[in-house]
Amino acid sequence: MRSLTFRRPDDWHVHFRDGVMMKTVVPYTARAFGRAIIMPNLTPPVTTAAMAEAYRQRIMECVPAGTDFTPLMTCYLTDHTDAADLVAGHKAGIFTAAKLYPAHATTNSAHGVTSIDHIMNVLEAMAENGIPLLTHGEVTRADVDIFDREARFAEEILAPLLQRLPELRVVMEHITTEQGAALVLAHKHRMGATITPQHLLYNRNALFQGGLRPHMYCLPVLKREKHRQALRKAATGGETCFFLGTDTAPHLRHLKESDCGCAGVFSAPVAVAAYLQVFAEENALDRFEAFASLNGPAFYRMAPNEERVTYVERPARIAEEIEVDGAGKLVSLFSGEAAPWSLAA
Ligand code: NCD
Ligand code: ZN
Ligand code: ZN
């Protein structure tokens with residue numbers, strides 16, 4: 001049985017939601033990860049430093065006693081973001097980064113940015129103050145095929161923006177295509193990318209395996225096999241610009257198994273095991289620690305975690321569903337199956 005000891009990892013892309021859902025999901029992330037970037041797409045979105053600080057405190061109330069976990073807060077950019085509040089919030093240590101949701105690109109993005117031109121003053125202030133821009137990188141025009149939305153964003157929005165603001169540091173979140181990976185690599189001195197477990201494990205066939213599979217549906221949507229292969233190469237290839245970000249995105253079971261199902265894969269309970277499976281399959285376990293525990297902190301200019309954890313290649317049965325206190329149930333990645341790795345006792 002193989003085992004691997006590495007620094008406690010961080011998750012650089014997490015959705016915790018709020019209320020009973022948050023209470024249910026926070027412990028899974030807090031047990032496995034030292035820090036996490038908390039996405040701000042609540043209703044209403046987290047748009048000010050005061051809202052972020054209040055949200056951070058609500059999160060901390062859900063962290064199990066004795067668990068060392070730090071949530072890193074982000075600001076949801078809108079057409080009306082107050083640059084001064086963002087910069088002050090960053091200086092005060094409340095905001096780690098700001099998140100660009102193109103309007104209507106994904107879950108709770110109705111208040112998102114309608115055009116980059118509307119937030120140029122904010123982006124300039126971010127470049128000046130070293131505040132990273134995190135992007136949901138998809139164009140949203142109806143005439144663009146859903147499978148092309150990320151590649152078009154890279155080409156039409158991100159590449160020109162990088163040219164316009166040479167000091168701006170950018171994370172392309174949850175990359176799903178070879179074009180996304182290539183753009184990040186070409187600007188690796190100031191760009192990073194998170195890669196999710198599902199985009200490393202599955203291609204778009206998984207959405208239709210024997211029928212429609214709502215729990216495989218997330219945004220950006222799963223892509224062709226050649227893109228999955230490109231992402232595997234990026235994650236395991238030793239380039240420091242690629243790092244762990246699960247995009248764990250819980251939605252209640254009945255809201256995913258629905259006429260208009262929500263986008264998002266809930267992966268927190270099995271995320272580390274899922275990534276380990278990928279690295280084991282690629283014979284790249286020696287590069288796992290860099291991806292999971294070193295490259296992210298380096299991009300965010302933070303020290304890596306000191307604590308070490310050990311995972312063993314011992315399958316662990318994953319529950320069919322998880323109860324969310326009176327609201328409904330959650331179905332996680334690998335639910336009803338076995339996760340191939342587990343935390344050593
Ligand atoms: C995320 C969510 O549910 O908040 N969903 C998803 O499919 N990834 C939003 C996002 O990260 O785009
Ligand atoms: Zn997104
Ligand atoms: Zn997300």
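Good morning. Donors here are N, O and S atoms within 2.8 Å of the metal (3.2 Å for Na, K and Ca), and sites may look incomplete because water is not among the atoms. The model is predicted: local features need pLDDT of at least 70 and side-chain atom pairs count only at pLDDT 80 or more, while totals for chains, interfaces and linings use all residues. Residues are numbered from 1 along each chain as its sequence is written, chains are lettered from A and ligands numbered from 1 in the order in which they are written, and side-chain values use heavy atoms, with hydrogens and water left out.

The zinc ion (ligand 2) is 3.9 Å from the zinc ion (ligand 3).

Histidine 15 is buried, at 6%, and aspartate 247 is buried, at 5%.

Aspartate 247 also brings us to ligand 1. One of its polar side-chain atoms lies 2.7 Å from a nitrogen atom of ligand 1. Threonine 106 places a polar side-chain atom 2.7 Å from an oxygen atom of that ligand, and for arginine 17 a side-chain N or O atom is 2.8 Å from a ligand oxygen. Polar contacts are pairs of N or O atoms within 3.5 Å; within protein, one must be able to donate a hydrogen and the other to accept it, and residues adjacent in sequence count only if both atoms are side-chain atoms.

Methods:
Buried means under 20% relative accessible area, exposed over 50%, partly exposed in between (1.4 Å probe, protein chains only).
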